[in-house]
Amino acid sequence: AHRGPRPGTAVVAAAVDGEVVELTRPLPTGKTVALKLLTDRDPDALKVMRHSAAHVMARAVMRLFPDVGLAFGPTLPNGFYYDFELPRDLTPDDFPEIERRMRRQIKENVPFEHWDWPVDRAREYFANLDEKYKVELIDDLVKNEGIDAVGMYRQGSFLDLCRGPHLASTGEIGAVKVLRTAGAYWRGDSKREQLSRIYATAWPNQA
C-alpha cells in the first residue's frame, strides 16, 4: 500500500511498515509492505531533519575545536542537542560561527552515507581516535542488546556512530539556529564527566 505526498511538498524520508527510513534504503523483497512517503512537513520527517542537523552541528563544532570529544545528539520535540567534551565553555558569541559552519555544509549539499560496521571494527576506529564516549556506547550496545554490527553515517569527512535515519543530503536541511548551552553529565550520572550540551533547532524554512 502506498500513500503519496501532498502537492508542492518535498519528500525527504519514508515509513515502511511504520518504521521511518531513508529514501535510499531498499524495500524488503518478497512481501507486501505499507509505504508512506514523508514530506518535510511531516512530524516524523522533521525528526529526521533535526537528527541530520545534529550531525551537521557536530561536524561544525569539531572544526572549531579539533580535540573535541563527541558524546551523542538526539532530537527533541522542538529541536535537538549534542553533548561535547570541549576545551572551554561556549558562550553566545560562539553561536554565529557554529551556525555559519552549519549553513556552509547545508549549502554544499553533502550526501549522508550509511554503512553497517562489525562492532570490532567500529570500536577500533573510535578507540584510535580516542573517542572514549563512542567506545563506551558500543560496549553497552553489545552488552545490553547483543548486537554484532552498528550503524555508521558519514557526511563529508565526518563519520559518526548512529542508528539513523538521515536525510539523503545536508542540502535538505532547512533553517537552523543554535539556541543555548548547558552543562550535562555523561549518561546523566553526576559522578561522571561533565560535558557541554548545545541545544539547537531546525525547520523546513526560515518562516
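Trainee: Which residues lie nearest the centre of the second largest pocket?

Mentor: Good place to begin, with a word on the source: this is a predicted model, where local features need pLDDT of at least 70, side-chain atom pairs count only at pLDDT 80 or more, and totals for chains, interfaces and linings use all residues. Residues are numbered from 1 along each chain as its sequence is written, and side-chain values use heavy atoms, with hydrogens and water left out. A pocket here is an open set of points on a 1 Å grid over the protein atoms alone, where a 1.4 Å probe fits, with protein on both sides within 12 Å along at least five of seven lines, and lining residues have an atom within 4 Å of a point. The 17 lining residues of the second largest pocket have these nearest its centre: Met62, Val68, Leu129, Asp130 and Glu131.

Trainee: How much space lies in the second largest pocket?

Mentor: A volume is the space filled by probe spheres set on the points, with grid points joined across faces, edges and corners. For the second largest pocket that comes to about 280 Å³.

Trainee: Which element gives the most to the lining of the largest pocket?

Mentor: Helices (H or I, at least four residues) and strands (E, at least two) are DSSP runs, numbered from the N terminus. Elements that each supply at least two residues to this lining include α4 (132-145), β9 (149-155) and β10 (158-161). The top contributor gives five residues, and that is α1.

Trainee: How many charged residues are in the lining of the largest pocket?

Mentor: Asp, Glu, Lys and Arg count as charged; Ala, Val, Leu, Ile, Met, Phe, Trp, Tyr, Cys and Pro as nonpolar; and the others, Gly among them, as polar. The lining has 29 residues, with Arg163 one of those nearest the pocket centre. Besides 14 nonpolar and six polar residues, the charged ones number nine.

Trainee: How many residues of α1 are buried?

Mentor: Buried means under 20% relative accessible area, exposed over 50%, and partly exposed in between (1.4 Å probe, protein chains only). Helix α1 is mostly covered, and of its 22 residues the buried ones number 16.

Trainee: Where do the buried residues of α3 sit around the axis?

Mentor: The buried residues of α3 are Val119, Ala122 and Phe126. They cover an arc of only 65° around the axis, so they share one side of α3. That arc is taken over the directions from the helix axis to the C-beta atoms. An α-helix has 3.6 residues a turn, so residues three or four places apart point the same way.

Trainee: Which exposed residues does the face of α3 turned away from its buried side carry?

Mentor: The buried side is covered by elements including β8 (112-118), α4, β9 and β10, judged by contact, meaning heavy atoms within 4.5 Å. The face turned away carries Asp120, Glu124 and Asn128.

Trainee: How far does α2 reach from its first C-alpha to its last?

Mentor: The expected span is 1.5 Å times one less than the number of residues. Helix α2 (residues 95-108) has 14 residues, and its reach is close to the expected 20 Å, at 20 Å.

Trainee: Is lysine 143 buried or exposed?

Mentor: Lysine 143 has its place in helix α4. Its relative accessible area is 71%, so lysine 143 is exposed.
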